[in-house]
Structures are given as C-alpha cells and as structure tokens.
Amino acid sequence: MLHELLLALLGFTGDLIVDEREQRKTLGLAFNTDSPLSDECTFKLAPDISFIEPSERDLIERLIKLGFYYRELDRFAKKSRNLSWIRSVTSVHPLERADELSKQNREKKPSVYRRAIANGIGEILSVYRSAVLHIEQKLLAETTPILATVTQGLNKFFVLFPPLYEVILEIERDDIRGGQLLNVLNKRCHCGVPELRTCLQRLLWHGHQVMYNQLAAWMVYGILQDPHGEFFIKRQEDGDLDHRSSQEEISEKLARTSVHETSLTDWHSGFHISLDMLPDYISMRLGESILFAGKAIRVLRNPSRAFQFQKDKSFQQTMRGSQRIQGFMHSDFPETETELDADLTGAELLPQSEADKIEAMLKELKESSEFHKRSFECTVDSVRAIAASHLWQLVVVRADLSGHLKALKDYFLLEKGDFFQCFLEESRQLMRLPPRQSTGESDLMVPFQLAATKTIAEEDKYFSRVSLRMPSFGVTVRSSQADMARSKISLAGKANLTSDTSVDGWDAIALEYSVDWPMQLFFTQEVLSKYLKVFQYLIRLKRTQMELEKSWASVMHQDHIESAQHRKDGINGSTSQQRRQGIRPMWRVREHMAFLIRNLQFYIQVDVIESQWKVLQTHIHDSQDFTELVGFHQEYLSALISQSFLDIGSVSRILDSIMKLCLQFCWNIESQESNPNTSELENIAEVHYLFTVTLIHR
C-alpha cells in the first residue's frame, strides 16, 4: 500500500488508487486525448476499499491530487519538448520540406516558448521526484506514521502544483504561445505566496531566455530567428504568403529579387511589430526601437555591392591611406585583394567590437535571474543608439547626405536659377505649342541639355542624377498660347473663384533624381514626391515671372520700333501717343501681376526655402542619429509645403488660377501687339483683381 501510494504520487495508478479517466476509456466511453485538460482531479481512491478510516481516506485523496497534477504537468512538458517533428522534416526531400513544415505547424503547432516553459516545469518536477524518493527512503529506514510523513514532505507542493496546473490549462485551452505566454506568466508572478512567485519567476526566466536569443539574433546579426511566428517582430509578408507554395516557387521568387531590392524592401516595409506577440510590459516605443535596431543592423551587415566598390577618392584616402587607394585604382589589382576590400568595407560599417558590445549587453540581461524593466529599457536604448549612430555614419559621412540635399535644393527647389532661366528661355517657343503625346519629353530634352551645357559646371557630379520627365497625358489639356487665345473667360468663371482650373500641359514637367544605396533609406519615394510637388509649383512660378518680363520687353521693343519708324516717315506722334494712353491701364495690370509673382517667388525662395535650409543644416550638424535626421528632414519638407500654401487647397487653386491668367494675359498681348483686344484684356484684368482680393482675404 505504501508503494502504491508513492507510485500514485508519481502519476502511476493501480488497484488502490484509480484514474477515472482510464476507467472511462476501459468502459468504452468516448474520450479525446487531444482535448483540453480536465479542470478536476481524476485520481480517486478505489470505492471498494473499506478498511480505511474516513479521515485517512480524505488525507489520501488530498495527497493523490499531487500525483494527478504531476502527471498532467509531466505530460505537458513531454509534449512541448517533443522534437520528433524536426526529425520528420529533415528526412523529407528538400522540395517537400516547406509543405511538411506547414503540415506539422497545423497539426502540432510546435513552440519554442512552450518548450522553454516545459524545461522549467521539468526542473520543478525533478525537485518533486527527489522529495518523493527521500520520503520513501525515510519510511523504509524508520518506523514513522506514513501519511503524516508524506504530507509533511510534500507540503510545499500543495501551494505550487494547483496554480501551475491552471497555467498549463490556460495555455492548452487558448493555444497561448510566444509573447502571450510571457504575459500569462508575468501576470501570475504578481501573487502573495513567495514560493509560488519564485517558481513562476523561474518559468518566466526560461521564457525570457528564448526572447533574449531572438533579440540577440535580431539586434546583433539582423536575423529574424522565429520559425513558429512567436516573436513580436515579424516579416510583413508572413500573413500574405500562401503556405501551400512549394519551396521551388519560393526559391524562384527569391532568385528574381536582387539583394539590393530585398534590402530596401526589408527596410521600408519588410518587418513590422505584431501587437499580439508584444508582451504587455514592453512598451510600443521599445518595440519600435528594437524593430529599428534590427533593421539598421541588417543594412550595416549587408551593404550593396555597388556601394562596396565606390571609388570616392577623398573618402578612401581618409579611411585607408593614399597608398592603398593607388593600388585600388589600378586595373591590375589582384582579385583576392578586391574581395578582401569588400569584406573590410562591410566590416567597417559595423565594427566587430560594437557587435560584441551589443551582445555583451544582451547577455547581461539574459543572465539576470529576474526581468528588470528599467535595465531592459536602458539596454534597448543603448543598442538603438549604436545602430542609429553607425547608420548616420553610413548615410551622412560615407554616402554624402549633405551633397545630395544640396543637389535636391539646386534642382528641385530652383537654387540654380541661371540653369532654369536658361532652360525656360530655350524652351519658350516650344511651350507655346501643345505638348505632343509621343515626343513631349524628347522635345524638352534639347533645351534642357542646352541649358546644362551653358550653365552647369563639369565638377557638378550630382547633375547626372537629375533627369527630365514628361508624363503621358490621359486627357486633353490646355497648354499652348493658341489654346489660351481660344479660351475666353466667362462671367461664370468670375463667380466660381475656387473651382478647379484646367492644368497647363507643360505643368506636368517633372524631375527625377537617381538615388543609390544607402541613400534610398533616407530619400524614399514619398520624400522625392514631396520635392517634385514643390518643384512643379516653383517652375510654374518662374515661368510665369519670365513671361511677364518677356511680354513687357517685347511690347516695349515693338513700341520703340514703331516710334522710330513714325519719326522717320514724318508721321505725327499723336496716334502713337493715343495708343499708349489706351493700353496704359493694361500695363498697370501687368505691373500688379509682376509685383504679386515677384514677391511670392521672393518669399518662397528667401523666407521659406533659405530659412528652412539653415534650420536643417543646423540639425544635421548637431545630430548623429539617423532617425533624428529623418525626422528633421520630414519637418523641413512639411514646412516647405505648408509655408508655400501647397497644403491649403483653396489658396493653392487661387494661385494656380492667377498664374494661368498671367500667362493668358501675356500671350494675348504679344499676339495682338498691333491691335490689342482691350475688352478681353479688361476681362482678364477684372478676374485677376477678383482672384487677388480673394487671396488676400484667405
């Protein structure tokens, strides 16, 4: 009877102590072994035992509950630590391995976090088995009361096993894994029983070992080590992939994607934070820092091959010395030396000493017996600072961020005014005709290249990155002088001042800026689209200003020619004087237009662009953090757009309408120099006045 009790305490039932679950199976009652565990203890003292006193029966049934809890905990531990799925997968043909893994995941749902918790439970069960063995030895060696001795030896497990059993019940019932499992253990650690709290903290420690290993892989090597989707950092496409895709299809997809494209995709949209798996005691800010640090390490450890072999002489002289540069530039440079240089370039982006430092900080957290939130936050912030600093070094120093920003300012913000003035003058006659669908871009390339030849110096290494684009048109646009001449402004147009105006076909002129790795981490498509938005606004403004100036110069030149001809022919100048007197109000309108356009252009170039540029340069000089620079640059672009009124729809539409009226005014005057249509010009002037007044009131 003693040994049957001891065996029952280790989960083995017999004739004295029976398992109601086994009896139900013996009787043929349906029972699903894969169903959630029962909330009630199924170990009972056999009902036909009559020689045991009621008090002893109650005590024995209380004791054998420990055996039931032990068996269920042991079953959970063995099930969670079962690695047979690994053997089954490794024995499968490589092309079928992905399908086999998917099948195993659906059936058994392996979990490294559960396996870690199972290891902790195994430690507790090992202590329990030792206690049972010690009781057996004591009872065999001494004559002591059996039940009292067993109860006294296992007393502390009455406090531990029921809560632990509740934990595995919750895990099995709700299929809890990953960060959710850490949440469950962390919440249960907040209890008033010291022995139970110590036990649960030990289980949580085992779970944190897995998390720290995943953090080390991510924040030291940039590798996402998460075979079962339990880490709170996930690949963006994980939820979108069809798990039924074969390994061959996945390999073909990866083969079509270059390393360069993969790196950019990983940075911008490759990874995200899974809120379901983010433990509650890790804030979203910390999660974002961990996400950034890992992505930065991936970038630093996997530089683009084109960037590895950059031949920036000044930089390489600083980093490696002039002698090595001379050897590098020679065409007969040994192949092995070239490969070594590529390796050194990659290593320089993240020195091994820094990687070791990050690993040491995470190791210190891992070795701590308890999770200290403050220490964890400090470590994550330190790792993020290291990653951000080296990424800053890569983008700002090695890739010359300042040079690229200056180039964007020169060409997208019209800092090189002489170039764009020359371009607009060379293309002025072309822009009076409608842009042709098929050759609009190639037509503009001639004046564009001609302006570059006249104004761009050979040492401007960034101009080669700038290209002119003329998007294809989906609808008919009104663009040319002839179109404008045929378009009359109606009184209905005066009433609806904020309605959408038709877009000048040449207003679709766009610039593209070629950005190489790693500057694509900084200059995203969203950023370049904002630069393009400002450029198209500024080029319209400059074109309008030039047309107002050219129209005045053209008419004055024509007037001087006519006056000289009249004096030569001896004709009375009163006719010429009357003509001038008649169109003088129109020239006052032209002056008002020029005044508005000139001041708007001066305001944007000086008060907006230059002032914001100085602020940005100060931030770049003072900061050594990549994420800070991204934020400062976003603020810079937002300020340019908002202070130029591009984000205020009503004001922007009014300014567009005013520029359109100015162009129409200029083209009408030049096309009717000998006999101006005064009524039409007055109509334009009246609408311009209304637009200007509305703009002032806005």
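**View A. Asp 280 is exposed, with a relative accessibility of 56%, and pairs with Lys 187 in a salt bridge.** The model is a predicted one, in which local features require a pLDDT of at least 70 and side-chain atom pairs count only at pLDDT 80 or more, whereas totals for chains, interfaces and linings use all residues. Residues are numbered from 1 along each chain as its sequence is written, and side-chain values use heavy atoms, with hydrogens and water left out. The closest N and O atoms of Lys 187 and Asp 280 are 3.9 Å apart; a salt bridge is a side-chain nitrogen of Lys or Arg within 4 Å of a carboxyl oxygen of Asp or Glu. Lys 187 belongs to helix α9 (residues 178-188) and Asp 280 to the loop between β4 (271-273) and α13 (284-301), so the bridge ties together parts that are 93 residues apart in sequence. Helices (H or I, at least four residues) and strands (E, at least two) are DSSP runs numbered from the N terminus. Lys 187 is likewise exposed, with a relative accessible area of 55%. Buried denotes under 20% relative accessible area, exposed over 50%, and partly exposed the range in between (1.4 Å probe, protein chains only).

**View B. A salt bridge joins Asp 625 and Arg 384.** The N to O distance between these side chains is 3.1 Å. Asp 625 is placed in the loop between α26 (574-622) and α27 (626-643) and Arg 384 in helix α19, so the pair ties together parts that are 241 residues apart in sequence. Both partners are buried: Asp 625 has a relative accessible area of 13%, and Arg 384 has one of 18%.

**View C. Lys 406 and Asp 410 form a salt bridge within helix α20 (residues 401-411).** Their closest N and O atoms lie 2.7 Å apart. The two residues are four positions apart in the helix, which means that about one helical turn separates Lys 406 from Asp 410. Lys 406 is partly exposed at 34% relative accessibility, whereas Asp 410 is buried at 8%. The structure holds 22 salt bridges.

**View D. Helix α18 (residues 352-367) packs against helix α19 (residues 373-398), their axes coming within 10 Å.** The axes cross at roughly 170°, and α18 is therefore roughly antiparallel to α19. On the α18 side, the contact involves Glu 354, Lys 357, Ile 358, Met 361, Leu 362 and Leu 365; on the α19 side, it involves Ser 375, Phe 376, Thr 379, Ser 382, Val 383, Ile 386 and His 390. Contact means heavy atoms within 4.5 Å. The axes are lines fitted to C-alpha atoms, for helices over the stretch in contact, and angles run from 0 to 180 degrees between N-to-C directions. Angles under 35 degrees count as roughly parallel, over 145 as roughly antiparallel, 65 to 115 as roughly perpendicular and the rest as oblique.

**View E. Helices α19 and α27 meet with their axes within 7 Å.** The crossing angle is roughly 60°, so α19 is oblique to α27. Helix α19 contributes Arg 384, Ala 388, Leu 391, Trp 392, Val 395 and Val 396, and α27 contributes Phe 626, Thr 627 and Leu 629.

**View F. Leu 286 of helix α13 is buried at 0% relative accessibility.** Apart from neighbours within four places in sequence, Leu 286 is in contact with Phe 376, Glu 377, Val 380 and Asp 381. Leu 286 and Phe 376 are 90 residues apart in sequence, with a C-alpha to C-alpha distance of 9.2 Å.

**View G. Backbone geometry is shown at a cis peptide bond between Trp 517 and Pro 518 and at Asp 400 and Leu 414.** Most residues other than glycine have a negative phi, and most peptide bonds are trans. Omega of the Trp 517 to Pro 518 bond is about 5°, and Pro 518 is found in the loop between β6 (510-513) and α25 (525-569). Asp 400, although not a glycine, has a positive phi of about 60°; Asp 400 lies in the loop between α19 and α20 and is partly exposed at 26% relative accessibility. Leu 414 has a positive phi near 60°. Leu 414 is placed in the loop between α20 and α21 (417-426) and is buried, with a relative accessible area of 6%.
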